[in-house]
Each structure stands twice: as structure tokens, then as C-alpha cells.
Amino acid sequence: MEGYDVIIVGAGPGGLSAATHAAHKGQSHVLLEASDGVARTVQRYQKGKHVMAEPSILPLRSDLPFEPGSREAILDAWQSGVAEPGTNIVYNARVSEILGERGDFTVTTADGSLWQGCHVILAIGVQGNLRKLGVDGEDLPFVQYQLDDPDEYRGESIVVVGAGDAAIENALALARNNRVSIVNRRDEFLRAKPGNLKQILSAIDTRQITALYETTVSQVRQHDGDPPGEILLNTPDGETPVPVHRVIARLGAIPPRRFVESCGIRIPSQSANAVPELSHQYESSVPGLYVIGALAGYPLIKQAMNQGYEVIEYIQGNPIKPVDHDLF
């Protein structure tokens with residue numbers, strides 16, 4: 001088995017940033033990615049999505065570029081950025097087990113391969129565990145939890161479930177060519193970015209989109225005919241059936257707690273959204289095992305990229321302050 005100074009798990013923004021910085025510093029490393037490409041979550045953004053580099057006041061420390069732009073432009077820039085220093089990435093390498101501590105880690109992938117390293121950076125995010133509807137019919141063929149290209153669908157009756165930015169952006173894009181309703185369990189869009197909030201309220205006011213407030217899903221059913229399905233909604237006026245061609249649920253994701261705890265990492269709360277207990281340098285309760293990005297409670301791309309850079313510096317013994325230390 002070949003040994004590395006650092007093993008990085010997950011080729012999202014944080015993992016890519018860590019691996020690229022290790023490559024620039026000449027540090028022995030390997031980046032293990034479960035899929036066949038980088039930044040799987042960003043790849044799954046809807047086609048043409050404009051990605052913001054937030055927060056704007058936060059400087060970018062990463063060796064990788066990141067500026068506001070389309071999903072496609074950002075992915076192209078990252079592909080070039082990881083190739084230039086010769087970053088060592090292994091694709092289709094889903095990690096199933098992490099054992100050990102600083103100086104003696106063994107990482108096992110699903111195919112049985114073993115990887116040895118002195119340090120491990122866990123940057124797997126949470127999007128691999130998408131939250132489902134939690135009702136009968138949640139896995140029917142016309143129910144989906146991602147939207148790659150809204151232009152694939154035309155002339156359909158579509159219900160989007162969720163009130164966050166992903167749900168709003170999906171609803172707005174689909175409404176160009178379809179009849180769209182958006183289900184919000186509250187009476188307003190509390191978590192939306194200002195730009196998205198303005199657009200969704202305008203679309204509702206002009207009846208481009210139907211808003212179903214204070215509403216939840218009780219069941220999804222399939223039947224013969226067109227449209228092929230029906231979603232049962234609990235509304236303030238009682239249970240209401242809505243015929244649908246498609247249901248798109250954007251309900252966020254659940255951290256992979258079982259896997260994280262199997263690595264020995266302590267999570268101090270039983271809450272479904274609890275994050276691991278970490279030091280100021282992102283080190284977990286397992287010495288030498290670091291957690292960065294969304295899994296650590298930092299969902300913004302720029303935060304994850306900065307953390308990837310900083311962890312490599314910490315591993316090399318450089319006592320730098322987090323880039324956001326003087327900002328927040």
C-alpha cells in the first residue's frame with residue numbers, strides 16, 4: 001500500500017481546494033472521489049444556474065479560482081485549476097471506512113482498496129443524503145429530488161415542494177414552459193435570498209406560479225392517464241388532490257451521521273442537523289481527522305474552499321488565522 005501525508009475524501013469545493021493547495025505545496029496527497037467527476041453537487045445544479053460567490057466581503061484564499069458565474073464556467077475553471085499543479089485525484093472511489101488517527105490512518109473504498117495516510121480531510125458534504133418527502137409514494141417514477149435541466153420539461157403540471165433557494169429557482173425556471181405550483185409549509189419564504197424572494201413573489205403576483213402556503217404533502221399516488229400522478233396536499237382548507245406530471249421536492253439534505261460516527265468522530269447533539277465537534281482548526285475528536293465544508297456546518301462554497309486551503313496549512317504546521325477571523 002502506498003502511503004500519503006494527507007488523504008482527502010470528497011472532490012467538492014473544499015476537497016478540491018485542499019488537494020490543489022497540497023499539490024502546489026508539493027505535499028504527498030490523494031483525493032478520493034465517489035463519482036466520476038469533480039464537484040458533483042455543483043454539477044447537479046440546474047443548467048445555466050448563476051452561482052454567487054458569497055459572502056462578497058470574504059476574501060478567497062484557495063489556489064482555485066471562484067468568481068460569480070454560471071455553473072458551467074465555474075466547473076471549467078475548477079477542472080483547469082486542479083489539472084495545472086498535477087492534483088492527484090482518484091475517481092469512482094467511494095470511501096466506506098476510515099480507521100486510525102494521526103500518523104496511521106487506513107481508508108477503505110467500496111472496491112476493497114486500502115489507502116494509508118498520516119492525516120485525513122473529510123469533505124464529503126451532505127448532498128449525498130437528500131431529504132425525501134417522508135410519505136407514501138415518495139419514490140414513484142415522477143417524483144424527483146434534483147433538477148438538472150428545466151428545459152427538458154414542457155407543457156407539464158408540476159408541483160415543487162420546498163421554500164428554499166433551490167425550490168424557488170427550480171420553480172421559476174420550470175414556469176417558463178410549464179404550469180407550476182410551489183408548496184410552502186409556512187406563510188412566507190423565510191430562507192430565500194433577496195433576489196430569489198423578489199422574483200418568486202413577482203411570479204406569484206402575476207400568476208405565473210401558484211403558491212400553496214401553510215401546506216404539506218400527505219401522499220403521492222400514481223394512476224393511469226395523463227397526468228400520471230396525483231399529490232395529496234394538506235392545506236388550510238383541508239386535503240386537496242392535485243393532478244401532476246411531476247413532483248420536484250427540494251427539501252435539503254441530512255448529514256451522513258452513521259458514517260461520520262463510524263469514523264470515531266463525536267457529534268455532540270442528537271439533532272438530525274447536528275455537526276461534528278471540531279477545534280478552531282477543523283480537527284475532529286479523532287486526532288488528525290479534519291472535517292470541512294457543509295458537513296462541518298459551513299454550506300457556502302467560498303467557506304469550504306478557504307477551509308480546504310487552511311487545513312493544509314495547519315497540517316504543515318503553519319499557524320495561520322482563519323480568513324474570516326477578523327470579519328465575523
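This is a predicted model: local features need pLDDT of at least 70, side-chain atom pairs count only at pLDDT 80 or more; totals for chains, interfaces and linings use all residues.
Contact here means that heavy atoms lie within 4.5 Å of each other.

Helix 1 has 12 residues and spans 16 Å from its first C-alpha to its last, close to the 16 Å expected at 1.5 Å a residue. The helix is mostly covered, with 11 of its 12 residues buried. Among them are Pro13, Leu16, Thr20 and Ala23. What do the buried residues of helix 1 pack against? Their partners are strand 1 (3-9), strand 2 (29-32), helix 3 (71-83), strand 5 (89-90), strand 8 (114-122) and helix 7. Just after helix 1 comes glycine 26, which takes a positive phi of about 70°.

Now look at helix 7, which covers residues 301-315. Helix 1 and helix 7 pack at an angle of about 35°, and their axes are 7 Å apart. Helix 1 passes helix 7 in a right-handed crossing. From helix 1, the residues that meet helix 7 are Pro13, Gly14, Ser17, Ala18, His21 and Ala22. On the helix 7 side they meet Ile301, Ala304, Met305, Gly308, Tyr309, Ile312 and Glu313. The residues of this contact divide into 8 nonpolar, 4 polar and 1 charged. An α-helix has 3.6 residues a turn, so residues three or four places apart point the same way.

Strand 14 (residues 229-235) pairs with strand 15 over 7 bridges, and leucine 232 stands opposite proline 241 in strand 15.

Definitions and conventions. Residues are numbered from 1 along each chain as its sequence is written. Side-chain values use heavy atoms; hydrogens and water are left out. Axes are lines fitted to C-alpha atoms, for helices over the stretch in contact, and angles run from 0 to 180 degrees between N-to-C directions. Helices (H or I, at least four residues) and strands (E, at least two) are DSSP runs, numbered from the N terminus. A crossing is left-handed if the near helix is turned anticlockwise from the far one by less than a right angle, and right-handed if clockwise. Ala, Val, Leu, Ile, Met, Phe, Trp, Tyr, Cys and Pro count as nonpolar, Asp, Glu, Lys and Arg as charged, and the others, Gly among them, as polar. The expected span of a helix is 1.5 Å times one less than its number of residues. Buried means under 20% relative accessible area, exposed over 50%, partly exposed in between (1.4 Å probe, protein chains only). Two strands pair if DSSP finds at least two bridges between them.
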